[in-house]
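Take a moment to look over the model below.

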Amino acid sequence: MEFISPLLHQACLGLFVFLLLLAGWTDLKTFTIPNHIPFALLVLVLPFGMTSQSTFLWWTSFAIGAAVLVVGLGFFSMKL
């Protein structure tokens, strides 16, 4: 049973990278990112954190995500 958790953790990480590449590709082609891709990334955090072998810092992850959101909104409002 202990081999399932690292395997699932690696699968979540691989899916995360795939979704990021998919978001970048669709943004390059259409200058938009479909709403289901960021939602899938958000949903993927839960199984990724639960299958981690070390302590997953939930609040740190959310704080970094909030900071990136604020910076992104700032860039968006300046039309960069």
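How much space lies in the second largest pocket? The answer is about 190 Å³. This is a predicted model, in which local features need pLDDT of at least 70 and side-chain atom pairs count only at pLDDT 80 or more, while totals for chains, interfaces and linings use all residues. Residues are numbered from 1 along each chain as its sequence is written, and side-chain values use heavy atoms, with hydrogens and water left out.

What is a pocket here? On a 1 Å grid over the protein atoms alone, a pocket is an open set of points with protein on both sides within 12 Å along at least five of seven lines. A lining residue has an atom within 4 Å of a point. A volume is the space filled by probe spheres set on the points, which are joined across faces, edges and corners.

Helix 1 and helix 2 each supply at least two residues of the lining. Helix 2 gives the most, with 6 residues. Helices are DSSP runs (H or I, at least four residues), numbered from the N terminus. By class, the lining has 10 nonpolar, no polar and no charged residues. Ala, Val, Leu, Ile, Met, Phe, Trp, Tyr, Cys and Pro count as nonpolar, Asp, Glu, Lys and Arg as charged, and the others, Gly among them, as polar.

Move on to the largest pocket. Its volume is about 600 Å³. Helix 2 (36-50) and helix 3 (58-77) are the elements that give two or more residues to its lining. There are 15 lining residues, and Gly65, Val68, Leu69, Gly72 and Leu73 lie nearest the centre. Helix 3 provides the largest share, 11 residues. The lining has 11 nonpolar, 3 polar and 1 charged residues.

Is Val68 buried or exposed? Val68 is exposed, with a relative accessible area of 56%. Buried means under 20%, exposed over 50%, and partly exposed in between (1.4 Å probe, protein chains only). Val68 and Ser5 are 63 residues apart along the chain, and their C-alpha atoms are separated by 29 Å.

Thr60 is also found in helix 3. Thr60 is partly exposed, at 40%.

Next comes helix 1 (residues 4-30), the place of Leu13. Leu13 is partly exposed, at 36%. Together with Phe16, Val17, Leu20 and Leu21, Leu13 forms a nonpolar patch on the surface, with about 440 Å² of accessible area. Leu22 is in helix 1 as well. Leu22 is partly exposed, at 30%.

Last, find Phe31 in the loop between helix 1 and helix 2. Phe31 is exposed, at 71%. Its phi is near 60°, a positive value in a residue other than glycine. Most residues other than glycine have a negative phi. Where does Phe31 lie relative to Thr60? The two are 29 residues apart in sequence and 30 Å apart in space, C-alpha to C-alpha.

Note on methods. Patch = residues over 30% accessible without salt bridge, like charges linked within 9 Å, V, L, I, M, F, W, Y side chains within 5 Å. Areas by Shrake-Rupley, 256 points an atom, 1.4 Å probe, with all protein chains shown as cover. Salt bridge = Lys/Arg side-chain N within 4 Å of Asp/Glu carboxyl O. 1 Å grid on protein atoms, 1.4 Å probe; cavity = no way out; pocket = protein on both sides within 12 Å on 5 of 7 lines; lining within 4 Å.
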